[in-house]
Each structure stands twice: as C-alpha cells, then as structure tokens.
Amino acid sequence: MLDKFLSLFLQSNCPLCQRSTGEIVCVSCQNQLKNCQLNNPCQFWQGKLPLFVWGVYQGKLKQAIASLKYDKHLQLAELMGDWLAEAWLNTSYYKQTKKLTVIPIPLHPKKLQERGFNQAELIARSFCNLTGYSLQAKGLERIKETQAMFSLNSLNDRENNLRDAFVLGKGLQKFRSDSPVLLIDDIYTTGTTTNEAAKLLRSHNILVLGVGAIAIAKK
Ligand SMILES: [Zn+2]
C-alpha cells in the first residue's frame, strides 16, 4: 500500500511524450531511443581524430537532444551520458585507458548565458560518473561566436567559421597530466568543431585520444 502510494507520488511526465512515468523517460520512448543506437559505436574510431558515438541523429534521439537543449529537460543529459558511458565500458578501449581527462566542447559565454547550461558538459559529467574518468569542465573556452554550422555549405566556410574559436580554459592552463583527453559533444556533424578543439589542445602538447558524442548526423 505504501509502495503504491510512493510510486504514485514519484511519477512524473515523460519529457518526450508527456505520459506519466516513474523513470527519466517512459519505457516506450526508451525503446524508441534505443532504435537509434548504433550496433557498433566504434565504427568511426579511426583516423586522426577517432569518434566514439552512441547513436544516429534521427527520430526520437533527435527529439531528445532538442528537448534537452530547448525545453531544458536536463535529466535527459544524465540518461544519454549514462548510455554513452555504458557503451564505452563495453569496449576494449576502456580496458586500455583507465585514465582519461574528459573535456566537453564549450559554448560561447553569450550562448551559455542564454541557455543557462552547456549540454555537452552535463553529458560529460554523467559519462565521468559512470566511467570514473576525471572531468575538466573548464578545459576549453570558446572565444569566438560562430554561425550555426548547418548554414555553411563548404568545408572552407566551416573551417574559417571555427578558426581560432577556442583557447585553453582555466582548468588546463597548468595541465601536467599524462592522461590523454577525450572530447565530448552532443552532436557530431562534420567534425569541424572537434577538429578545431583537438588542434588547439595538440598545439599545447596535450594528447587527444578522440571524441565521444551522443549522435552522429548522417548525410
Ligand atoms: Zn515517453
């Protein structure tokens, strides 16, 4: 009786369909989210800046990221960060790299003020809670306001837009750790943003292992 009463009390609305649920998102939406999951999150783990990615930016996953950013359902970042961590813990990379410094891709301060939070930081925080990696939330700073990447067509335009967009943040100015860095972002589109961030870190002799992202936008 008491359990029933408590579970009623702890019900809230699923941020993705408004149905009542005792979890962060309802079971039906969880299943739809898992339909967006990649079978192999390591399929892009190659090249100069390897990418580890949980799912495809489409359907319910696209809705969940939008709901996190624009409707401010911050608990979605916790869920997605958990899932990214669970996928990572199942890889051989985890066994090889027990020490990592995790750095979220920062927002420009003006954008951060508008939104009130950086979704990549929240995802990175949740990822670190499960993996035990150290979070360096102020590892990078964004000093240039950039145009939305989807509005730029050519690779050249995108690179120019991002050039010198980042500087080392306060958290890394005296960085002496020998553990490599994993960058975290919510959506991976062309890789221009994370490439620019990695370039800056590498120019300071910081080892960048790769990028972790929740969703990849496929053309
Ligand atoms: Zn739902």
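Tutor: Donors are N, O and S atoms within 2.8 Å of the metal (3.2 Å for Na, K and Ca), and sites may look incomplete because water is not among the atoms. This is a predicted model, in which local features need pLDDT of at least 70 and side-chain atom pairs count only at pLDDT 80 or more, while totals for chains, interfaces and linings use all residues. Residues are numbered from 1 along each chain as its sequence is written, and side-chain values use heavy atoms, without hydrogens or water.

Student: Which residues coordinate the zinc ion?

Tutor: The SG atoms of Cys14, Cys17, Cys26 and Cys29 coordinate the zinc ion at 2.3 Å, which lies within the 2.8 Å limit for donors.

Student: What makes the arrangement around the zinc ion tetrahedral?

Tutor: The four donor atoms subtend angles of 103 to 117 degrees, so the arrangement is tetrahedral (all angles between 85 and 135 degrees).

Student: Why is strand 3 described as largely enclosed?

Tutor: Six of the six residues of strand 3 (51-56) are buried, so the rest of the structure largely encloses this strand (buried means under 20% relative accessible area, with a 1.4 Å probe and protein chains only; strands are DSSP runs of E, at least two residues).

Student: How do you know that strand 3 pairs with strand 9?

Tutor: Strand 3 and strand 9 (residues 208-216) share five bridges in the parallel sense, whereas pairing requires that DSSP finds at least two. Within strand 9, glycine 212 stands opposite phenylalanine 52.

Terms used:
Tetrahedral: all angles 85-135°; square planar, octahedral: opposite > 155°, others 65-115°. Buried < 20%, exposed > 50% of the residue type's maximum accessible area, 1.4 Å probe, protein only. Helix = DSSP H or I, 4+ residues; strand = E, 2+ residues; numbered from the N terminus.
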